[in-house]
Amino acid sequence: MRIAINTGGGDAPGLNAAIRSATLSALRRGWEVMGIMNGYGSIYTEHPFKKLTYDSVRGITMMGGTILGSANKANPFEVPVTKKDGSVELEDRSDAVVEEFEKYSIDALVAIGGDGSMHIAHRLSQKGLNVVGVPKTIDNDIWGCDVSLGFDTAVTTATEAIDRIRTTAQSHQRIMIVEVMGRYAGWIALHSGLSASADAILIPEIRFNVDAIAEKVMERQRKGDTYSIIVAAEGAVEEDGHRFVKGKEPGQSEQLGGIGEYLEDVLSEKTGKESRSLVLGHLQRGGTPSTYDRLISLRFGAAAIRALDEKDFNRMIVMQQNSIKRIPLEDVAGKVKNVPLDSDTILTAKEIGICLGNSK
Ligand code: F6P
């Protein structure tokens, strides 16, 4: 048996541990392992595979990033191609992936990635590839899985950063706004904000009202707490439905302001207090994985090979109630797991007086 491993989408701490455990579990079964370098995009542009041996995965459990490289926009079903007139069109090059797998006699694929990668994995499985998915993303938004690899480390990093912000907020009696990642889900914001005792936490699942946040700041002021810490998920949504656009698409020259910048201005106007914002950004994706992330990554990697060995294809390995399970890839594709509004973490935040962006 010869398998390939792909790491797709934004990197996350724990990827290397998953690669290591999948590789070792496969090699110990007498299989061959090929790593896909820099995502599926490489398949039609350069030599795509690297043979993985005991030596290639030695000592990588504690390393951040991915030894295979990754690419965020490497969807073989939607490859941007520049036409003669300069316009860009998306082309389906997925047949090239299937052909390359045939050329290299690859029997199965371990696709490590987020919801986008699982969607791609599902579509490749429909084209006849034998695939097992491993859930990875710091955002923790993969449907069907209690926790994805990378989330725990990202939350720890964000929590430590917010702790550090607290002392300077206190010294300068400022409002400090910390913008965290998470895309359309509020897991990182909620867990880090709660752990670091933020005064307000804004998540995409609950639309926010700036007056409610300003009121929270002023209520603290009246009680003698002259500073406030606000943790805002990058995808938080204002009451009127406005979501803050951030980032830089190819060809776009300007970096658009995110929610942190917006709140810095509007809260300072409404409260008369000085405020500053900070975008934690890709810092949350870096560094050495936490013990928890190392463990689940190792378990996910080995579980993926176990599934392939049992010919239980087109599944995603998941963690549900602390047990490793498998669910059909097609159940995951195209869905997002948001924070449930009745979750215990939301209740806890409310019960200890953290403002969740509205006055309720
Ligand atoms: O999905 C992980 C993630 O880190 C999101 O939280 C964030 O919105 C996005 O990736 C950023 O991606 P990029 O690497 O393209 O800046």
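Helices here are DSSP runs of H or I with at least four residues, strands are E runs with at least two, and both are numbered from the N terminus. By that count, the protein has ten helices and 13 strands. Please keep in mind that this is a predicted model: local features need pLDDT of at least 70, side-chain atom pairs count only at pLDDT 80 or more, and totals for chains, interfaces and linings use all residues. Residues are numbered from 1 along each chain as its sequence is written.

**Overall build**

- The C-alpha trace spans about 70 × 55 × 35 Å along its principal axes.
- A compact globule of 360 residues would have a radius of gyration near 21 Å, and the 22 Å of the protein agrees with that; the radius is taken over C-alpha atoms, and the globule rule is 2.2 Å times the number of residues to the power 0.38.
- Of the 360 residues, 48% are buried, where buried means 20 or more other C-beta atoms within 10 Å of the residue's own, exposed means 12 or fewer, partly exposed lies in between, and C-beta atoms are placed from the backbone.
- Two residues are in contact if their C-beta atoms, placed from the backbone, lie within 7 Å. Among contacts between residues at least 6 apart in sequence, 73% join residues at least 24 apart.

**Two domains**

- The domain assignment gives domain 1 (2-149 + 287-332) and domain 2 (156-285 + 340-351), with bounds that come from an automatic or database domain assignment.
- The C-alpha centres of domain 1 and domain 2 lie 33 Å apart.
- Nine residues from domain 1 and eleven residues from domain 2 take part in the contact.
- On the side of domain 1 that touches domain 2, there are two nonpolar, four polar and three charged residues. Here Ala, Val, Leu, Ile, Met, Phe, Trp, Tyr, Cys and Pro count as nonpolar, Asp, Glu, Lys and Arg as charged, and the others, Gly among them, as polar.

**Around the ligand**

- Twelve residues surround the ligand, and the closest are G10, N72, D139, M181 and R183; a residue is near a molecule if its C-beta atom, placed from the backbone, lies within 6 Å of it.
- The shell around the ligand holds two nonpolar, six polar and four charged residues.
- Because domain 1 and domain 2 both give residues to this shell, the ligand lies between them.

- UniProt lists D139 for "active site" in an unreviewed entry; its positions are given in the numbering used here, feature names are shortened, and annotations may be inferred rather than shown by experiment.
- D139 is found in the loop between β7 (130-135) and α4 (151-172), and counts as buried because it has 30 C-beta neighbours inside 10 Å.
- Leaving aside its neighbours within four places in sequence, D139 is in contact with M181, G182, R183, A185, W187 and I188.
- N140 is in the loop between β7 and α4, and has a positive phi of about 60° although it is not a glycine. With 26 C-beta neighbours inside 10 Å, N140 counts as buried.

**Helix α5 and other backbone points**

- Seven of the nine residues of α5 (residues 187-195) are buried: W187, I188, A189, L190, H191, S192 and G193.
- The cover over these buried residues includes α4, β8 (175-180), β9 (200-202), β10 (228-233) and α10 (344-351).
- Q173, in the loop between α4 and β8, has a positive phi of about 50° although it is not a glycine. Q173 counts as partly exposed, with 13 C-beta neighbours inside 10 Å.
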